[in-house]
Amino acid sequence: MGNTKKYIPLLLGLAVAAGVFLGSKLNFNDGNEKIFATNSKKDKLNRLIDYIDYEYVDEVNTDSIVDVTVNGILENLDPHSVYIPVSQYEDNADDMRGNFVGIGVSFYPYNDTIAVIRSIEGGPAAKAGIKGGDRILYADGKQLFGQGMQRDSISKYLKGEVNSKVKLKVYRKEEGRFLEVTLKRKRVPIVSVDASYVLTNGLGYIKVNRFSESTYKEFKAALEDLQDQGMTSLMLDLRDNPGGYISAAERILDEFLEDDKLMLITRNKNGDENQSFATKRGDFEEGKLYVLINENSASASEIVAGALQDNDQGVIVGRRSFGKGLVQREMALGDGSAVRLTIARYYTPTGRSIQRSYANGNGDYYKDYEDRYRNGEMRSADSIKVADSLKFTTPKGKVVYGGGGIIPDVFVPKDTSLENETLEYITRNGFMSYFIFEYLEANRGDFEEMSLEEFTERFQADEGLTDDFIVAANLEKAQIDISAYLKELKLALKANIAQQLFGPNAYEYLLNQDDPMIIKVIELEKSNNAIE
C-alpha cells in the first residue's frame with residue numbers, strides 16, 4: 001500500500017496539470033511576413049515528412065508523426081504550451097465558450113444504452129420532459145444502443161447546428177413505455193459557477209470552477225441574487241479552479257477593487273508591458289471578501305487571489321496555489337488543430353511573478369507538486385519554502401512572496417492520510433457518481449415527489465448504502481480502512497444523490513457542511529463581526 005499512497009498526490013497533480021490552460025486576448029503581434037517566412041528549419045521538417053510519405057518502405061500515418069513532432073517541440077518550451085489535435089478541438093472550444101449546441105442532457109453509456117443522468121435546467125430536453133433514468137434509444141432513426149457505441153459518436157448525434165431538429169425515441173424504465181419527442185437544438189450552458197447560496201448571517205458563497213467566456217455573466221447574476229438576499233460578506237471559492245480567460249478574471253476582480261486600482265501586469269519577450277486597471281463598475285467594493293484557494297487553484301484563479309492580496313482587499317484562505325504565471329494564446333494550425341502557445345508572463349500588482357520554475361524540465365516541474373505532500377506543506381504553513389529575494393510588500397505593509405503560487409493569509413491544513421485522500425478522490429472523480437446512478441436506478445421512485453428541502457432534512461445515507469459503496473470501490477480488497485471517515489462518506493453519498501436529483505448547487509451545499517476551509521471562514525466572520 002506504500003506505492004498507492006505515493007502515487008495518489010502525483011495522479012492528482014497530473015490531473016490538475018492537464019486541466020491548467022489560459023486563453024488570452026492580448027495582442028502582441030508579429031507581422032505575418034516574419035512569422036511565416038521560409039527558412040531552412042521549416043524546409044527540413046517539410047522535406048522529412050515528404051520523404052516518409054513517398055519513399056519510406058512501409059505505409060505510415062504521417063498525420064500521427066506530425067502530432068508527435070508538434071508535441072515534442074512544445075514539451076521543450078514550457079509546461080503549459082499545448083497542442084490541441086483536431087479530435088479534441090471542438091470540445092476544448094465548447095469548454096472555453098461556456099456553452100455547446102445540443103439537447104441539454106448529461107448521460108452515461110450505461111450497460112449498452114444511453115442513460116440520462118439529468119436534463120440541464122432550461123435546455124430543450126428538460127422542456128420536453130426528459131428526466132433522469134430515461135434511455136435514449138434512437139436519434140433521427142440512428143440506433144444509439146448496443147455494443148461498440150462510443151461516447152464521442154453518441155455526442156455527434158445529439159449535438160448539431162443551432163435550431164436544427166432531432167427526433168428522439170426514449171424508453172422510460174420506471175413506467176415501462178416509449179416516448180417519441182422532437183427537440184430543437186439550442187445553446188446549452190456549460191456552467192462555470194457551480195454553486196451560490198447564503199450560508200449564514202449575511203455571508204454568501206459562490207464557487208467558480210473555471211473562467212470561460214460566460215463566467216462573468218454567471219458570476220454577476222449570482223452576486224446580484226445574493227445581494228438581494230442581504231449578503232454583506234462573500235466567500236469566493238476558487239479551489240480546484242485551473243484557470244481560463246484572463247478577461248473573465250479581470251471582470252470579476254473589477255467587482256471588488258476601487259476605481260483605477262492596478263489588477264494585472266503582463267509582459268512579453270520584447271519587454272512590452274500591458275497593465276489592467278479596475279473601472280467604476282464594481283458592485284462589491286465595500287463588502288467583506290474571503291477567497292478560498294488550494295494547491296489546485298491555478299492561472300486565472302491566482303490572478304484573482306494575487307490581485308486582491310496585493311491591493312489589501314479581502315482575506316485569502318487555504319493553501320498555496322499551483323503557481324502558473326504564463327499567458328497562452330490559441331493559434332490555429334490550418335487543419336482544424338491548434339496550439340496554445342505561451343506569449344507572455346503575468347505579474348501581480350506588486351510586481352511579483354507566481355510562476356514556479358521549470359528550468360529543470362517538465363518532469364521536475366510536476367514533481368514539485370508531489371513534493372508538497374512529502375515536505376509537510378499541506379499540513380503546516382511553516383513548511384512552505386519562500387525566498388527572501390522574492391519578497392514584496394503591499395500598500396498596507398503586508399509581506400507577500402513571488403516565485404511559486406499565492407501563499408494564503410490564513411492557512412488551513414489538509415488531511416493527507418491515505419484514507420482521506422482516497423475518499424476525496426473517489427468522491428469527485430466520477431466513480432461515486434456512477435455508483436449513485438445505479439442506486440437511483442433501483443430507488444428513484446423514493447425521491448419522485450421529494451423537494452430539495454425535504455431531501456436535505458429527511459434523507460440520510462445508511463450503513464447499507466455505505467457498505468455497498470465500500471464493496472463496489474474495492475476499498476477492503478485494497479486494504480484501505482475508512483471506518484474513521486464514515487461520517488464524511490455518508491455526507492459524500494448524500495451530496496452525490498442530491499447532485500443527480502437537484503443539480504450542482506445542492507451538491508456543493510451539502511458537501512460544504514463539514515468543509516474545514518468554510519468552517520474557518522465562518523469563524524473568521526464571527527470574529528470580525530464581534531470586533532466591529
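Helix α9 (246–254) is mostly covered, with 7 of its 9 residues buried. Buried here means under 20% relative accessible area, exposed means over 50%, and partly exposed lies in between (1.4 Å probe, protein chains only). Helices (H or I, at least four residues) and strands (E, at least two) are DSSP runs, numbered from the N terminus. The buried residues of α9 are Ile246, Ala248, Ala249, Glu250, Ile252, Leu253 and Asp254. They pack against α8, β13, β14 (273–277), α10 and β17 (326–332), where contact means heavy atoms within 4.5 Å.

The model is predicted: local features need pLDDT of at least 70, side-chain atom pairs count only at pLDDT 80 or more, and totals for chains, interfaces and linings use all residues. Residues are numbered from 1 along each chain as its sequence is written, and side-chain values use heavy atoms, with hydrogens and water left out.

In soluble globular proteins, nonpolar side chains tend to be buried together. A nonpolar core is taken as a set of buried Ala, Val, Leu, Ile, Met, Phe, Trp, Tyr and Cys residues joined through side-chain atoms within 4.5 Å. The largest such core has 42 residues, and those with the most contacts inside it are Ile206, Phe211, Phe219, Leu234, Leu236 and Phe256. At least two residues of this core come from each of β11 (203–208), α8 (215–228), β12 (233–237), α9 (246–254), β13 (262–267), β15 (288–293), α10 (300–310) and β18 (338–347). Helix α10 gives the most, with 6 residues. Apart from this core lies another, of 31 residues, which includes Leu418, Met450, Leu489 and Leu510.

Not counting residues up to four places away in sequence, Leu234 touches Leu203, Gly204, Tyr205, Ile206, Phe219, Leu223, Leu226, Phe256, Phe284, Lys288, Leu289 and Tyr290.

The next topic is charged side chains. A salt bridge is a side-chain nitrogen of Lys or Arg within 4 Å of a carboxyl oxygen of Asp or Glu. By this rule the count comes to 29. One of them joins Glu441 and Lys173, with the closest N and O atoms 3.4 Å apart. This pair links distant parts of the chain: Glu441 is in helix α13 (residues 431–443), while Lys173 is in the loop between β7 (165–172) and β8 (177–184), 268 residues apart. Glu441 counts as buried because its relative accessibility is 16%, whereas Lys173, at 41%, counts as partly exposed.

Glu441 also meets Arg444 in a salt bridge (3.6 Å, N to O). Arg444 has 11% relative accessibility and therefore counts as buried. Salt bridges that share partners join Arg135, Lys173, Glu441 and Arg444 into one network. Leaving aside neighbours within four places in sequence, Glu441 is in contact with Tyr110, Gly133, Arg135 and Lys173.

Another salt bridge is made by the side chains of Asp368 and Arg356 (3.1 Å, N to O). Asp368 lies in helix α11 (residues 362–374) and Arg356 in the loop between β18 and α11, so the pair ties together parts that are 12 residues apart in sequence. Asp368 counts as partly exposed at 27% relative accessibility, while Arg356, at 4%, counts as buried.

Nonpolar side chains also occur on the surface. Leu45, Ile73 and Leu77 form a nonpolar patch there, with about 260 Å² of accessible area together. Patches are made of residues with over 30% relative accessible area and no salt bridge; like charges are joined within 9 Å, and nonpolar side chains (Val, Leu, Ile, Met, Phe, Trp, Tyr) within 5 Å. Accessible areas come from the Shrake-Rupley method with a 1.4 Å probe, and for residues only the protein chains shown count as cover. Leu77 is found in the loop between α4 (62–75) and β1 (82–84). Its relative accessibility is 45%, so Leu77 counts as partly exposed.

The remaining values describe the whole chain. The protein has 18 helices and 21 strands. Its C-alpha trace spans about 80 × 65 × 50 Å along the principal axes. With 532 residues, a compact globule would have a radius of gyration near 24 Å, and the 25 Å of the protein agrees. That radius is taken over C-alpha atoms, and the globule rule is 2.2 Å times the number of residues to the power 0.38. Of the 532 residues, 48% count as buried. The accessible surface comes to about 26,200 Å², of which 48% belongs to carbon and sulfur atoms. Among contacts between residues at least 6 apart in sequence, 70% join residues at least 24 apart.
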